[in-house]
Amino acid sequence: MQKKDLGLLVLILVVGAVGAAINPRFLSPINIANTANLIGLFGLFSIAEAFVIVTAGIELSVGSVIALLGVIFVDMVVNLGVPWPAALAITLLLGAAIGTLHGFLVTRMRMQPFVVTLCGLLVYRGIARFYTSDATAGFTFGASFPSLEWVFSGRSAGVPHSIIAFAVVAVIAWVVLHRSVFGRHLFAVGKNEEAARFSGIRTARVITLAYVICAVLTALSAVFFAMYTRSISPASHGNFYELYGIAAAVLGGFSLRGGEGSVVGVVLGVVLLQMLQNLVNLLGIPSSLNFAVTGAVILIGVLADQQFTRYRERQRQLHALKHATAEGED
Amino acid sequence: MNAEPSLAEPVTAATGFDLQLRHITKVYPGVVALDDVSLGIGAGEVVGLIGENGAGKSTLMKVLGGVIAPTSGTIEISGETVDGLTVQQSFRHGIAFVHQELNLFDNLSVAANMLLGREIRSGWLGLVDEAAMARAAQPILARIGARFRPSDRVADLSIAEQQMLEIAKALSMKARLVIMDEPTSSLTLSETNRLLKIIADLKAQGVAVLFISHRLSEVQRCADRVVVLRDGRNAGRLDRSAISHDAMIRLMIGRNLQARATGEAGSGDDSGAADPPAALEVANLRTHAYPGSNACLTVRAGEIVGLAGLVGAGRSELARAVFGIDTAAAGDIRVGGRTLAGHTPREAIAAGLCLIPEDRKLQGLILDFPVSANICLADLGAVSRNGFVDRRREARRAGEQRDRLNIKVADVARATAELSGGNQQKVALGKWLALEPRVMIFDEPTRGIDVGSKAEIYALMRRLTERGVAILMISSDMEEVISVSDRIAVMCRGRIAGVLEPPEFSEHNVLTLAIG
């Protein structure tokens, strides 16, 4: 665990302790389970976003993809009678197709990620609304898909399945990003694409794969969200989620310039953001202030982290100076 | 803003500018970059600052520019002690830099670049007055004998003209000390002569010039005094009468330079034996830069082929196409008899070909990565198991290359950016040596590198050829091409104009072919 992550963890504990002291309901099993559920839901696409950000890219269409794939999934299961495992597979494949398209446009057509995914944000949202004729898509009252519901919105021993999925994905993402050759290539490409190319790394492939991983994880998240809300109004479902994912990644130490960040950081970022939302509710802060609180905490968090890094750098210099003078006297 | 009339005022010696750096020490974690360095320079004086890479020249410049604060020592400007020199103060005291990497905006005009941040404005809206800026810039350009106009776009200027613009910009800020960092590294001979004349003019006008260069003959021609740094300390100073090539080298490396024996040793041995097999064959290669020219070239195992030519002859383009960074428009590339059809670096590397690019900071290395990650970057497969990087093996492999190449870093987990230029180049080399390549292409391997490291790199190249490695060395340094190569291929406008064997080696022959 990096020092950066440790700072974030301390912040989470402090915020949690203060919140719990003011309102003990914060630690009630029901509240913890609900918050955990939300952490799982939002965490999945935040990790997805991190994979693109580490390549110095950005993915702005996350929210729209969640809406589009959500309505498609629900439509397949409810109206078309597709068995849900098949519908899930098709949804994930659609995600992969979207990711491949984005990667292709970014690497082969050399378009800027911001532009590609901004257009994606608009296009997928529009298609989602057209697909449902702007009507809400959802499960009709009394419709029952027990196994599907158990898998995506059920609980085992009181633990919501969304956070279990999030934990599994986080562990895999950590291994891929921080221990695998592919992960090293991702960081290299994000830091200096030119040097990576001169080292024989297939940069176009690496970047495209990052977009594919991002979109597939987003597709998975879309299914979880569909099962969580059970009804999807395509005009608003998933709005701003991409910004939420970017915020969690930045809070977790990812640099928008690429090549920096850790999965532990983004996980902690998601946890902190959800805790804050929860506390806004519990502490009776007007919920209209929700975004303002989130924004302020991210700003302060990133600022504090940078100040701390500079402080440590100074300490290191001082230490080195002492060391050097001591050597000189020998 | 009525800065217009005063811009062109020549600075006179009467300004009494005097800069004294006393006992400057700068300590970084694990490294003492400067150790008790002193340096003085006064109005109308040209001081040459020389030293090997990592001797502390760059750090000293950063101290002067106020970019970094020295750990201890004093800075005195015109008799006044300046505590905690900042970038702004350095600027106000008339210290101006002409950097090795030009800091110009090529989308703007000459005048706009010169007066950036000091735009002349007019009208009640305070809009930029292009005409007034051009008028203000003109006399300064005239003063250094520039032939381009204030309205020209920087993108249309040659490198040499851009350099002159940098100097003009410094003068427009009423610079009393102009610091030039390797100003001639990308200039032709006649452009260099012009620059040296400008330096003499500045001196006559009372401007102090600090001239940093590895090209000792130029230092010798223009400097009143030479200050030598070695390992972050003052290694000595030479006054005008004592400046000589040998004296400078002696102080820089602390010993006499070994005769270039390495160049001759290898070539004699193979004579009489049958020609070794071709390691790299390039047939009818057309690059996108020169789609109308065919390049054919063969490099045999165990030889160094120098690739000479004028700047822009298409040498780097050839190297990039062979390595697969750019796709070639047409042509065959064979490494050890195997045809490279895919035109990707990955395929080239698998065939045993590697390229050490010209720009090590942008292309050769990821500076923020640890030394170990850079060394293993091209062949992570060798230090990983089932797709996962084995960090112990990575560190071990990096350690081996560090010891082999004598890279000065205590811990291979340190960021590559913390190393000196020469050591960074060694890391870039170590990345490929770990792969045991069959063919190595060096693009300007010793550009901006000090004499001592140059000798080390030549020796390393020779050792590699003795083990059967074929080397193609692109170089613009004529002396280097002639002394290091076993054969010289000369390129001209995208084709190989001719190949010279040792008896024909001469500057005259190379140039004749290069001009075409």
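**Chain B, term by term**

Reply: Helix α10(B) is followed by B:G324, whose phi is positive, near 90°. A helix here is a DSSP run of H or I with at least four residues, a strand is a run of E with at least two, and both are numbered from the N terminus. The model is predicted: local features need pLDDT of at least 70, side-chain atom pairs count only at pLDDT 80 or more, and totals for chains, interfaces and linings use all residues. Residues are numbered from 1 along each chain as its sequence is written, while chains are lettered from A and ligands numbered from 1 in the order in which they are written.

Me: Why is helix α10 of chain B called largely enclosed by the rest of the structure?

Reply: A residue is buried if 20 or more other C-beta atoms, placed from the backbone, lie within 10 Å of its own, exposed if 12 or fewer, and partly exposed in between. Nine of the nine residues of α10 (residues 315–323) of chain B are buried, so the helix is largely enclosed. Among them are B:R315, B:E317 and B:R320, as well as B:L318 and B:F323.

Me: What makes B:E436 count as exposed?

Reply: B:E436 has 11 C-beta neighbours inside 10 Å, and the limit for exposed is 12 or fewer; therefore B:E436 counts as exposed. This residue lies in the loop between α15 (421–433) and β21 (439–443) of chain B. B:E436 is not a glycine, yet has a positive phi of about 50°.

Me: How do you know whether chain B is as compact as a globular protein of its length?

Reply: Chain B has 18 helices and 24 strands. Its radius of gyration, taken over C-alpha atoms, is set against the globule rule, 2.2 Å times the number of residues to the power 0.38. The value is 25 Å, close to the 24 Å that the rule gives for 516 residues, so chain B is as compact as a globular protein of that length. Along its principal axes the C-alpha trace spans about 70 × 50 × 50 Å. Buried residues make up 45% of the 516 residues.

Me: What makes β2 and β5 of chain B stand at the edges of their sheet?

Reply: Two strands pair if DSSP finds at least two bridges between them. The open sheet has four strands in the order β2-β1-β4-β5 (chain B), with antiparallel pairing. β2 (31–42) and β5 (80–82) each have a single partner strand, so one side of each is left without a neighbour in the sheet. Eight bridges join β1(B) to β2(B), and in β2(B) the bridge partner of B:I24 is B:V37.

Me: How many residues of chain B are in contact with chain A?

Reply: Two residues are in contact if their C-beta atoms, placed from the backbone, lie within 7 Å. By this test, 28 residues of chain B are in contact with 21 residues of chain A. β1 (18–28), α11 (345–350), α12 (360–364) and β20 (388–389) of chain B each supply at least two residues of that side.
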